[in-house]
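Thank you all for coming.

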Amino acid sequence: MSDSKSNFFSRLALALRAGWRALVDGDFAGDLQRLEQGGWTLSAPAGVEPPKPIALRDAPPDSALQLLALLQQEGRFVDFLEENVTAYSDADMGGAARVVHEGCRKVIRDYLQIEPVREEAEGVRLTLPAGFDAAAVRLTGNVVGQPPFTGTLMHRGWRVRQMTLPKVAEGHDVRVLAPAEVEL
Amino acid sequence: MSEVRYAVGIDLGTTHCVMAAVDLAASDRDAVVERIAAIPQLTAPGAVEERLMLPSFLYLPHPDELRVEDRVLPWGESPPFVVGELARTMGGRTPIRLVASAKSWLCHPGVDRRAAILPVEAPEEVARVSPLQASMHYLGHLRAAWDQQHPEALLTEQEVVLTVPASFDPAARELTAEAAAAVGLHHLVLLEEPQAALYHWILASGGEWRKQVRVSDIILVVDLGGGTADFSLIAVTERDGSLELVRVAVGDHILLGGDNMDLALAHAVRTKLAEQGTQLDAWQLQGLTHGCRNAKEILLSDARVESVPVVVPSRGSRLIGGTLRTELTRDEVTRNLVEGFFPKVDAAARPAARARAALTKLGLPYAQDAAMPRHLAAFLARQVDATRDLEGFMAQLPTGATFLHPTAVLFNGGVFKAEPLLERTLGVLNDWLAAEGAPPARLLAGIDLDLAVARGAAYYGYVRRGGGVRIRGGTAKAYYVGVESAMPAVPGLEPPIEALCIAPFGMEEGTQAQLPPQEVGLVVGEPVRFRFFGSSVRRTDQVGTVLEQWTPDEVEELEEIEATLPAEDRQPGEVVPVRLQAAVTEVGTLRLEAVPRIGAETWKVEFDVRGEG
């Protein structure tokens, strides 16, 4: 900071040197003019960073498709969702639900480490201190005043601690969730 | 890079392979730094995952079946075959291209193990592989997986311990060592799997094992893997004030394991469905086997559950209407699994015998009798004298004992994760012991049932370098060659055969037997074959001992051995008298050599693995 915000006397010396050089050096004079008119910014004004605009980005589809393929492969997830369930009895639905539940649960257990956001039992009163993570805890209802907030835990929330999906070969088409099967 | 950094244990199992390592530099005495090496493998086309186990399956895809990029492995190769999880999945749908149980084929005396015979059911156009090649592919995959994760310590430069069933015969051991050598693993020793399990128990006890066993204990190891049952007896002795372990006996090779049990349950449920008018195809049977395995685990782990629903998903995309629902009941598990495979029998029970002729058929010689306790009873009875020559052991075996009395039992193999099966086996054994007035055997617990063999093998690699107690024992059989008797031949009768002992019981690694006084004749330029025998009970025969007669229970015929004398400077057809000398190599294989009366040259005698015998 001491370089860019120098004291009065060094600024006076600089003004005299720059004024003299503007008289004798045409290029320097041109540069100085552009700088003076705001065409250039040589150094950002320290301490007052302008807030960066937060960009929205596209989530890459690969790992989502990969997870969907695993859910289909182990738990017939897509088959289940794509069927018209109105035509079936609850007993039929139950049989299929077991396949889906068992398989999808296996996928979730094998590839993701899922844990609750809050360890407390649902229904208990808890207090959120100032600076709590608003992404992990959502406030609802009478949201007024200043933290600490006290309220009832309605849902414990879920958070993925770790995710390890299979490595995918270059050129592998992840859009094929389940290949068609043709028995010869 | 010549410094050996790790001792690596490889369990080349019938159904799964596991690899474990001990960091030699970081380990000191009982403080052993060890871990399981993850094995990247294809789990779906184009998807690679790391798993602790590599299923021992090899799939030979059609050229149009998998694109090259869908079978690329992390080390950049995309071989024309698939090994591991994806091989098993694809093989479930296309069994004609699946090689399974290659290890059991490797010790199948009825077939040529170097010949491309697998898969047996494959049509003409499939390029088959030999049991030896299949084993090489598994080992090659493990090696590549290791090397990719340890570029600074390649597997070929590490101390590798490869496990084999205790019941593997010399030919199968040699083929296993050959498969390892073919993928560059020359720094190799073989270790019997039940011993590896016991090493893991020692490691897992963290030094406490000395308090859990005492001198004159006899430890029975029951190793029930996915495809084979393997028994060993290990005695606890004392030398210079410290405990020593001696492996005194191993059992026969029994093709009976956890996979048979899952299949048996699935067939029982299939029969039930068939009675209700529902026929299952092969694809559905696979789904049913999978469902039954999960249901069985629930039933065996929770005594309050009476039945577990089993659903077989439809093959097409219509899941809801097409799914079959049935259930597995406690009664079915008890009847088929507990009573079918672990019945309460008495100590005099023996397994139903298999006719030797049955081996000539092209198929694996699965155990005819599924009742594991009968095999165990036969083993313990045959080995009743196993500890006779050890000091202080005879006193504890009462006169008139009909079988050897173990004092402790170590169970290994995924089957015993089901507590009721472990308790049943221990209960049956303790009933036998009680009937002969012996105290019940203690349970040695605390091992990792799926991974113990690989971890114990890695630990053994460490122990060999002076890090802890070793199990002694040497070869578990005495070996004999068949020589024609000197008796005058009787017309119309085969000349009687005598068995000449060339390798005594208990030969240690890296030792050589004496030369027998008897000579046999080799014909120059022609292969000469000898009948070959082994005995797991004749512990006192020395080199040169000749048996004139024996019972099948005492001496078992193995595959023939064959020697060819190169013609070189001799006349073809000339008969050269030689003596046969046995040695156990550092690797742990049996080597036979023909030593002529004069000259320093010797010739290797090969085990015949062509299955013509």
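I will talk about a sheet in chain B and then about a pair of helices in chain A.

Please keep in mind that what you see is a predicted model.

Let me begin with the sheet, which is an open one built from 6 strands of chain B in the order S18-S17-S12-S13-S14-S19, with mixed pairing. At its edges stand S18, residues 442-444, and S19, residues 471-472, and because each of these has a single partner strand, one side of each is left without a neighbour in the sheet.

Helix H12 of chain B, residues 419-435, packs on this sheet and touches S12, S17 and S18 of chain B, and its direction makes about 150° with that of S17(B).

I would now like to stay with strand S12 of chain B, residues 218-224. How many of the residues of S12(B) are buried? The strand is mostly covered, and the count is 7 of 7. As a general point, side chains in a regular strand alternate between the two faces of the sheet. In S12(B), Ile218(B), Leu220(B), Val222(B) and Leu224(B) point one way, while Ile219(B), Val221(B) and Asp223(B) point the other way, and all of them are buried.

Which way do the neighbours of S12(B) run, parallel or antiparallel? Strand S17 of chain B, residues 408-412, runs parallel to S12(B) and is joined to it by 5 bridges, with Phe411(B) as the bridge partner of Val222(B), and with Asn412(B) standing opposite Asp223(B). Strand S13 of chain B, residues 229-239, runs antiparallel to S12(B), and 7 bridges join the two; here Ser232(B) is the bridge partner of Val221(B).

Let me turn to chain A, where helix H3, residues 61-75, packs with helix H5, residues 90-111, at an angle of about 135°, their axes being 7 Å apart. With that angle, H3(A) is therefore oblique to H5(A), and the crossing of these helices is right-handed.

Which residues make the contact? From H3(A) they are Leu67(A), Leu70(A), Leu71(A), Glu74(A) and Gly75(A), and from H5(A) they are Val99(A), Val100(A), Gly103(A), Cys104(A), Lys106(A), Val107(A) and Tyr111(A).

Key:
Residues are numbered from 1 along each chain as its sequence is written. Chains are lettered from A and ligands numbered from 1 in the order in which they are written. This is a predicted model: local features need pLDDT of at least 70, side-chain atom pairs count only at pLDDT 80 or more; totals for chains, interfaces and linings use all residues. Side-chain values use heavy atoms; hydrogens and water are left out. Two strands pair if DSSP finds at least two bridges between them. Helices (H or I, at least four residues) and strands (E, at least two) are DSSP runs, numbered from the N terminus. Contact means heavy atoms within 4.5 Å. Axes are lines fitted to C-alpha atoms, for helices over the stretch in contact, and angles run from 0 to 180 degrees between N-to-C directions. Buried means under 20% relative accessible area, exposed over 50%, partly exposed in between (1.4 Å probe, protein chains only). Angles under 35 degrees count as roughly parallel, over 145 as roughly antiparallel, 65 to 115 as roughly perpendicular and the rest as oblique. A crossing is left-handed if the near helix is turned anticlockwise from the far one by less than a right angle, and right-handed if clockwise.
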